[in-house]
Amino acid sequence: MAERDAARRAGPARHRPAPAGKHYEEEEEDALPDSDALPDSDDEVDLDKPRPIQIVLAHEDDHNFELDEAALEKILLQEHIKDLNIVVVSVAGAFRKGKSFLLDFMLRYMYNRTSPCWIGGNTEPLTGFTWRGGCERETTGIQIWSEVFVIDKPNGTKVAVLLMDTQGAFDSQSTIKDCATVFALSTMTSSVQVYNLSQNIQEDDLQHLQLFTEYGRLAMEEIYQKPFQTLMFLIRDWSYPYEHAYGLEGGRKFLEKRLQVKQNQHEELQNVRKHIHSCFSNLGCFLLPHPGLKVATNPNFDGRLNDIDEDFKNELRNLIPLLLAPENLVEKEISGSKVTCRDLVEYFKAYIKIYQGEELPHPKSMLQATAEANNLAAVAGAKDLYSKGMEQVCGGDKPYIAPSDLERKHQDCRESAIRQFRSVKKMGGEEFCRRYQEQLEVEIDEIYANFVKHNDGKNIFYAARTPATLFAVMFAMYITSGLTGFLGMNSIATLCNLVLGMALISFCTWAYVKYSGEFREVGTAIDQIAEAIWEQVLKPMSDNLMEDHMRQSVKNSIKASLGEQVSHHARLKTD
């Protein structure tokens, strides 16, 4: 924003209402600037000196947020306000756009609301929430003003008014998750969210609003109605008063035009607008003019009104009461129930725990989300190519194929699928795409394992392995039981009979499972046991027997061959 793009930092000060008949020029001398911008989170919160207090701390090293519960409780659980319904006015938006600057004028109004000259004297520096010129961010996390204002509404009830400042979005040190978390937290806990924008409402502003509010809505349980209350679009540096006049009425017409859902609009544009309408109970817009060249070009600007254009000051006199006048205050509600200061502390604690956990998906930048979708589509296409190639070899109606041939076909199809994945134009860069190629390779190996099982199921000998193994166990136990019983080894014979009985019961159970399709887990367990017996006992024994048989056959062949050669030589000698 121009009003602080070249401004110097103004320290927080105590704002006090001007006594009756006292001019702001005189009050300027009584202002109490504080040299410390913010207290450390471990410092005692001094409520005798109103100042901004950081209640949500941003940790840049791990991009996480922490709630300073002690500071929040000390402010909101004061005896005279803890049971009052609360009004929370928050300002959010991109960084370096004048959010803190605007909040300081809100503070002037709250401290001097009974005076028609609440906006201040022409030579009075602007103090309160810290703000400064330059291109680097100033506010981090979420801050609130330490003094909660008690206001009498026209209906006679008292409410507590809390002003909230938020970390600007889209600075060079914040991730999309950081921006979404801060915006969502402030929207969930405020009754009026001022969405601070520069010059216009662009489509990306609406898309970011959709992302941030959806991130907030995910954290709220059992939403039966619109989850958030009032959203005020505040358009700064509005340059088109000849199309839409400054102020609320011009903003209303402009917003209606921007958020209108048309039949010929693309579905994506319609969804953004429908989402925003579905999230907020009230939508408004205020068009604020540029504050003037002196604000934009004076490096020593400290918020004095005599440096600000008259149009800006006039519209500011309309905007601030629109948000904070007693008759316009919007009390915080959640699920239709009014929220007290005490309640808000508990909601803050609950919401921050949700965002500190891993239950919610992490919001991503548009590039990252598009690159992920792009790579996932390439993975799906490559997997489909692999599956079709393997189906042609060992699909449902194809006969059994030798495992070595299946392995060879698998390698061919795998290489073809990886080549196709690499040939697709993808976003995200080489390192990003490599992760998805590794994912593809893992998923192809899993598909191949399923094809191997499917192919083995077509092998009649494989299908008969379980009953054959159980029969072999029963036969071996029967013979062993008979021999050991004959030799008087009754204990071993009894054990063999027990194993025989268990094998017989297993076989009958397995047959019933295969016939009925019930108790499939039991059948699978019997198959696994039979396979283990086959692999660990019967197959090694059969391999050894076959090896011995082959060795004996070779020996016999060699002996026969040698004998034939000897007899042949003997006949030759005789001849």
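**Exercise 1.** Find which residues Lys349 is in contact with, leaving aside neighbours within four places in sequence.

*Solution.* Contact means heavy atoms within 4.5 Å. With neighbours within four places in sequence set aside, Lys349 is in contact with Leu67, Glu69 and Glu73. The model is predicted: local features need pLDDT of at least 70, side-chain atom pairs count only at pLDDT 80 or more, and totals for chains, interfaces and linings use all residues. Residues are numbered from 1 along each chain as its sequence is written, and side-chain values use heavy atoms, with hydrogens and water left out.

Lys349 is found in helix H11 (residues 341-356); helices (H or I, at least four residues) and strands (E, at least two) are DSSP runs, numbered from the N terminus. Lys349 counts as buried because its relative accessibility is 16%. The classes are buried (under 20% relative accessible area), exposed (over 50%) and partly exposed (in between), with a 1.4 Å probe and protein chains only.

**Exercise 2.** Determine how many salt bridges a search of the whole structure finds, then work through the pair Arg108 and Glu124.

*Solution.* A salt bridge is a side-chain nitrogen of Lys or Arg within 4 Å of a carboxyl oxygen of Asp or Glu. The search of the whole structure finds 20 of them. One is formed by the side chains of Arg108 and Glu124, at 3.9 Å from N to O. Arg108 lies in helix H4 (residues 99-111) and Glu124 in the loop between H4 and E6, so this pair ties together parts 16 residues apart in sequence. Both Arg108 and Glu124 are buried.

**Exercise 3.** Describe the salt bridges of Glu331 with Lys153 and with Lys338, and state how accessible each residue is.

*Solution.* Start with Lys153: its salt bridge with Glu331 has the closest N and O atoms 3.1 Å apart. Glu331 lies in the loop between H10 and strand E12 (333-334), and Lys153 in the loop between strand E7 (149-152) and E8, so the pair ties together parts that are 178 residues apart in sequence. Glu331 counts as buried because its relative accessibility is 10%. Lys153, with a relative accessible area of 14%, is buried.

Then take Lys338, whose side chain meets that of Glu331 in a salt bridge of 3.6 Å, N to O. Lys338 counts as partly exposed, because its relative accessibility is 41%. Elsewhere, salt bridges that share partners join Glu69, Glu73, Glu346 and Lys349 into one network.

**Exercise 4.** Glu315 is buried yet has no salt bridge. Identify the nearest side chain of opposite charge and the residues that Glu315 touches.

*Solution.* For charge, Lys and Arg count as positive and Asp and Glu as negative, while His and the chain ends are not counted. The nearest side chain of opposite charge to Glu315 is Arg317, 9.4 Å away. Glu315 is placed in helix H10 (residues 310-324). Not counting residues up to four places away in sequence, Glu315 touches Tyr246, Gly247, Phe286, Leu288 and Pro289.

**Exercise 5.** Work out which strands pair with E6 and whether the faces of E6 are covered or open.

*Solution.* Two strands pair if DSSP finds at least two bridges between them. Strand E3 (residues 52-59) pairs with E6 in the antiparallel sense over four bridges, with Ile53 opposite Ile144 in E6. E6 also pairs with strand E8 (residues 158-166), in the antiparallel sense over three bridges. Here Gln143 stands opposite Asp165 in E8.

Now look at the faces. In E6 (residues 142-145), Ile142 and Ile144 are buried on one side, and Gln143 and Trp145 are buried on the other, leaving both faces covered.
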